[in-house]
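Subject: Structure handover

Hello,

Here is the structure I promised to pass on. Please open it alongside this email; my notes follow below.

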Amino acid sequence: MFMRFGLILGDQLHHQLATLKFLNRAQDVILMAEVLEESTYVAHHPQKIALIFSAMRHFAKELKAQGWRVRYHPFQRDSRIHKLIDFVHLQQQLLPATAVVITHCGEYRLQYEIENHWSSQLQLPVHCLDDDRFFCSPAQFRQWASRYHTLRMEYFYREMRKQTGYLMQQQQPLGQQWNYDRDNRKTWSGKPSLTAPLRFELDQIDLDVIELVRREFPQHIGDIANLRWATTRSNALLALQHFIANNLPHFGDYQDAMVYGEDTLFHSLLSPYLNCGLLVAKEVCDAAEAAYHSGHAPLNAVEGFIRQILGWREYVRGIYWLRMPEYANSNVLNYSAALPQFYWTGRTQMTCMAECFRNTFEHAYAHHIQRLMITGNFALLSGVDPQQISEWYLAVYADAYEWVELPNTLSMVMHADGGLLASKPYAASGNYIQKMSNYCKHCPYNVKTRTEADSCPFNSLYWYFMIKHDGVFRSNPRMGMIYRQLDKLQDKDQIIAHAQQLLSQVNEL
């Protein structure tokens, strides 16, 4: 009988996946596997592993209920199945498959192996399908990029708005404005009130996976006890409904705010579900747009949210597939410092950093400003090797897959690509942190000084960064005001000396 294998990965858990639409459930066989290589190539947060394994097991159960034949390999550290291809090999010995079908995966490493080696190793045709869960294919993005000398997200985002029709009327943006980012930078001081994030009741699959992860990955940093993520599509849809009903109306105003002791504010917490497949981008954007048209959420909130998905998420994926594999080695500032130990322990006197680490380790989560302007900003100012900080971000967050993590880290965090995505580095002193949060009130460091023993480390490190890279950034038109301010400083020598002292004892901060 003519029969094909359909291999489904842990970030492809959607019933309208291209692989499932291509195959015939009456004769083809679905393969799914929890394997050592994919679980350990970085030290993934235990909650990230648990989310993926449990979601995979629930998804396989749903497929079986729909009539699919599913061969599933649960994680076994001592198994001879270390890689995905090992599992396909094993199934070949049991079933007479005539081809392997897979949807384009999310990491260059694995995609390269599939496209260049699997067919010869398996002695079978391997059909790789476009992942149509995204609005923009890599080929379409490549065509868009060929028309521009500078690949700015705003240009891409406007084209995607026109293509999809989101928040558009007769090819013009609703409100006569494409981007409401300037309206979305308020600090939060207690009002409006916060809604607690959803927590989902754990079923036996969840409990089994949590026990497996606790037993098999004890050396991985992060707390498995606080697992609160949805592991089924039905619960992911509840999470979407919860966000639209409770947090979307305030998301725009406070999306950049940070508050001591508050881990989520008005953020959606949907990115892990989007990135593993329990939700798809179109249904999320549809729900947000419907909230605007019904009068439930204001335009600045809905536009800001849709921009993150339709604009930024699609854009970084396009950049990733356009520029890999060379892109992974970007390091134009020639950074080589080791990642400070507190990125793995969370132990630092800097309250802003400690709060972000606490949230990260407890929940496998931190929102985009915590990642970019706190932990990322410190890595940039202290000259961390881009590959080390990239590995950290990939490891510790539940929503981290290389296609989305790497461009964000190399460009937005580390400016390692020389400005391909961001026209200036996202560097900031303690003044920004004080403006957008109340962390400084709880910190032993003084955010008002630069070179005193108790000065906020971000302050001298920020100006030292500008001094050290004067030849690179002074001519940048977006940084002219910063360098004019630098030229007026009378304590440059003290700044340099203090910053160098901090960097020499960075693990003691």
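Helix 3 is largely enclosed by the rest of the structure, because 16 of its 20 residues are buried. The cut-off behind that word is a relative accessible area under 20%. Please keep in mind that this is a predicted model.

Helix 3 covers residues 46–65. From first C-alpha to last, helix 3 reaches 29 Å. That is close to the 28 Å expected at 1.5 Å a residue. After helix 3 comes Gly67, with a positive phi near 100 degrees.

**The largest cavity**

The structure holds four cavities of 30 Å³ or more. The largest cavity has a volume of about 390 Å³. It is lined by 26 residues, and the closest to its centre are Gly10, Asp11, Glu38, Ile52 and Tyr401.

Which element gives the most to this lining? Helix 3 does, with five residues. Strand 2, helix 2 (36–40), helix 3 and helix 5 (108–122) each supply at least two residues. By type, the lining of the largest cavity divides into 16 nonpolar, four polar and six charged residues.

Five of them form an open sheet in the order 3-2-1-4-5, with parallel pairing. Strand 3 (69–73) and strand 5 (126–129) are the edge strands, and each pairs on one side only. On average, neighbouring strands of this sheet are turned by 25 degrees against each other, direction ignored.

Strand 1 (residues 4–7) is worth a look. Strand 1 and strand 4 (residues 99–103) run parallel and are joined by four bridges. With strand 2 (residues 29–33), strand 1 pairs in the parallel sense over three bridges. Gly6 stands opposite Ile30 in strand 2, and Leu7 stands opposite Leu31.

Are the faces of strand 1 covered or open? Both are covered. In a regular strand the side chains alternate between the two faces of the sheet. Here Arg4 and Gly6 lie on one side, Phe5 and Leu7 on the other. These four residues are all buried.

**The second largest pocket**

About 190 Å³ of space lies in the second largest pocket. Its lining includes Tyr41, Val42, Glu107, Arg109 and Ala328. Gln387, Ser390, Glu391 and Leu394 are also among the lining residues, as are Glu402, Glu405 and Leu406.

Which helix gives the most to this pocket? Helix 16 does, with four residues. Helix 16 (386–396) and helix 17 (402–413) each supply at least two residues of the lining. The residues that line the second largest pocket divide into five nonpolar, two polar and five charged.

**Backbone points to check**

Where are the cis peptide bonds that I noted?

- Lys191 and Pro192 are joined by a cis peptide bond, with omega about -5 degrees. Pro192 is in the loop between strand 7 (172–173) and helix 8 (204–216).
- Met324 and Pro325 are joined by a cis peptide bond, with omega about 5 degrees. Pro325 is in the loop between helix 12 (299–323) and helix 13 (342–345).

- Leu167 has a positive phi of about 50 degrees although it is not a glycine. Leu167 is found in the loop between helix 7 (153–164) and strand 6 (168–169). Is Leu167 buried or exposed? Leu167 counts as buried, because its relative accessibility is 1%.
- Ala364 has a positive phi of about 55 degrees and is not a glycine either. Ala364 lies in the loop between helix 14 (351–363) and helix 15 (368–381). With a relative accessible area of 2%, Ala364 is buried.

Best wishes

Technical notes:
Residues numbered from 1 in each chain as written. Predicted model: local features only at pLDDT ≥ 70, side-chain atom pairs only at ≥ 80, totals over all residues. Heavy atoms only, no water. Expected span 1.5 Å × (residues − 1). Buried < 20%, exposed > 50% of the residue type's maximum accessible area, 1.4 Å probe, protein only. Pairing = 2+ DSSP bridges. 1 Å grid on protein atoms, 1.4 Å probe; cavity = no way out; pocket = protein on both sides within 12 Å on 5 of 7 lines; lining within 4 Å. Points joined across faces, edges and corners; volume = space filled by probe spheres on them. Nonpolar A, V, L, I, M, F, W, Y, C, P; charged D, E, K, R; others polar. Axes fitted to C-alpha atoms, helices over the stretch in contact; angles between N-to-C directions.
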